[in-house]
Structure formats: structure tokens, C-alpha cells
Amino acid sequence: MRLTLYTDYSLRVLIYLGLKGDNQLSTIQEIADRYHISKNHLMKVTYDLAQIGLIETVRGRGGGIRLKVEPKDINIGKLVRHTEEDFHIVECFDRNNNHCKISPSCQLRHVLYEALQAFLQVLDQYTLADFLHSKEDMAELLQMKIEY
């Protein structure tokens, strides 16, 4: 199982904002600089996160983004289901584009489907809050200041 960069960046943005906490604003550029990732990619990610109500955007001078939802209320499994385009981990998962000749009798599809469901069930057990227990360590690695 491999997640897209879109999902990876979505998780990173939420973790960063969760580390900031207490309604502190961050900029997309700030997050891009800390993670050394594309600002353009993050703009798409943050737009989507705002559309689904997980972050709030504040426009204008001194604006930025911050969490709109408490970290304990952001379910990781739900987020991954939203950010991933599909879960076609093998060709036969896509009925419209499946050309595999052994699909009608192959058991691999069933095993991989079961594994995918187990993967998602594990993610369903976690929230953003579960990833914020080492705030000081992560903040140091990201060279950011956190205020309490």
C-alpha cells in the first residue's frame, strides 16, 4: 500500500498546524519551508482541507491557516479515504480497466482487498492528536517555535 504525496502533504500540514496549536496562524510558505516541499502542492492541499472544514483560512495581511477542528476530532482513516483518489492497488480492483485474464478465478484480489480493509481499519483507530505527543521533539526537528 502506498499513499499519494497529496495524502502525505495533507497529513504533514495537519501535524504542523497541530504542533502550532492555540489558534496560531501559519502560512503555506512557512510550512513548505519547514518540510522542504512545494508551496504549489501545499496550496492545493490547504484549499481542500479548508473545503472539508478541517482548517480555517484567514485572508489579508497577517493572515494564514490554522486548525478549525480539535486534533482529537480529526480521524486519520477518514482523511486518507478523502485524499486518496482510489484504492486500486492492483488492476482487478478497477472493474472498468481490468484486463487481467485470471481475475474470474484468482484469489489474490480477495486477499489484497482484505489487507486493504485491515489497513484502513488501523488508520480509523487514530486521530491527529495521537501524532502530537512529541510536540517538542517534532518542533525542534522542524526548527519551529511552539507557544503554549
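Q: How do H4 and helix H5 pack, at what angle and how far apart are the axes?
A: In this predicted model, H4 and helix H5 (residues 108–124) pack with their axes 6 Å apart, at an angle of about 130°.

Q: Which residues make the contact?
A: On the H4 side they are Ile76, Gly77, Lys78, Val80 and Arg81. H5 contributes Leu120, Leu123 and Asp124.

Q: And how do the residues of that contact divide into nonpolar, polar and charged?
A: The contact of H4 with H5 has four nonpolar residues, one polar and three charged.

Q: What about H1 and H4, where do their axes come and how do they cross?
A: The axes of helix H1 (residues 5–20) and helix H4 (residues 76–83) come within 9 Å and cross at roughly 140°. H1 is therefore oblique to H4. The crossing of the two is right-handed.

Q: Which residues of H1 and H4 make the contact there?
A: H1 supplies Tyr6, Thr7, Ser10, Leu11 and Leu14, and H4 supplies Ile76, Leu79, Val80 and Thr83. By class, the residues of this contact are six nonpolar, three polar and no charged.

Q: Why quote both an angle and a distance between the axes?
A: Because two packed helices are described by those two quantities, the angle between their axes and the distance between the axes.

Q: Stepping back, how many helices and strands does the chain have?
A: There are six helices and two strands. From the N terminus on, the order of the elements is α-α-α-β-β-α-α-α.

Q: What does the C-alpha trace span along its principal axes?
A: The span is about 60 × 30 × 25 Å.

Q: How much of the chain do buried residues make up?
A: Buried residues account for 39% of the 148 residues in the chain. As for contacts with a separation of 6 or more, 63% of them join residues 24 or more positions apart.

Q: Now the strands. Where does Arg66 lie?
A: Arg66 belongs to strand S2 (residues 64–67).

Q: Is Arg66 buried or exposed?
A: Arg66 counts as buried, because its relative accessibility is 19% and the cut-off for that class is under 20%.

Q: Which residues is Arg66 in contact with, leaving aside neighbours within four places in sequence?
A: With that exclusion, Arg66 is in contact with Leu17, Asn23, Gln24, Leu25, Ile55, Glu56 and Val58. A polar atom of the Arg66 side chain lies 3.2 Å from the backbone oxygen of Asn23.

Q: How far apart are Leu17 and Arg66, in sequence and in space?
A: Leu17 and Arg66 are 49 residues apart in sequence, while their C-alpha atoms are 5.8 Å apart in space. Leu17 itself sits in helix H1 and is buried, with a relative accessible area of 3%.

Q: What else is Leu17 in contact with?
A: Leaving aside neighbours within four places in sequence, the contacts of Leu17 include Ser26, Ile31, Ile55, Ile65 and Leu67.

Q: Changing topic to the backbone, what is phi of His36?
A: Phi of His36 is near 60°, a positive value in a residue other than glycine. His36 is found in the loop between H2 and helix H3 (39–51) and is exposed, with a relative accessible area of 72%.

Q: What about phi of Gln143?
A: Gln143 has a positive phi near 50°, and this residue too is other than glycine. Gln143 lies in the segment after helix H6 (135–141) and counts as exposed at 62% relative accessibility.

Technical notes:
Residues are numbered from 1 along each chain as its sequence is written. This is a predicted model: local features need pLDDT of at least 70, side-chain atom pairs count only at pLDDT 80 or more; totals for chains, interfaces and linings use all residues. Side-chain values use heavy atoms; hydrogens and water are left out. Axes are lines fitted to C-alpha atoms, for helices over the stretch in contact, and angles run from 0 to 180 degrees between N-to-C directions. Helices (H or I, at least four residues) and strands (E, at least two) are DSSP runs, numbered from the N terminus. Angles under 35 degrees count as roughly parallel, over 145 as roughly antiparallel, 65 to 115 as roughly perpendicular and the rest as oblique. A crossing is left-handed if the near helix is turned anticlockwise from the far one by less than a right angle, and right-handed if clockwise. Contact means heavy atoms within 4.5 Å. Ala, Val, Leu, Ile, Met, Phe, Trp, Tyr, Cys and Pro count as nonpolar, Asp, Glu, Lys and Arg as charged, and the others, Gly among them, as polar. Buried means under 20% relative accessible area, exposed over 50%, partly exposed in between (1.4 Å probe, protein chains only). A polar contact is a pair of N or O atoms within 3.5 Å; within protein, one must be able to donate a hydrogen and the other to accept it, and residues adjacent in sequence count only if both atoms are side-chain atoms.
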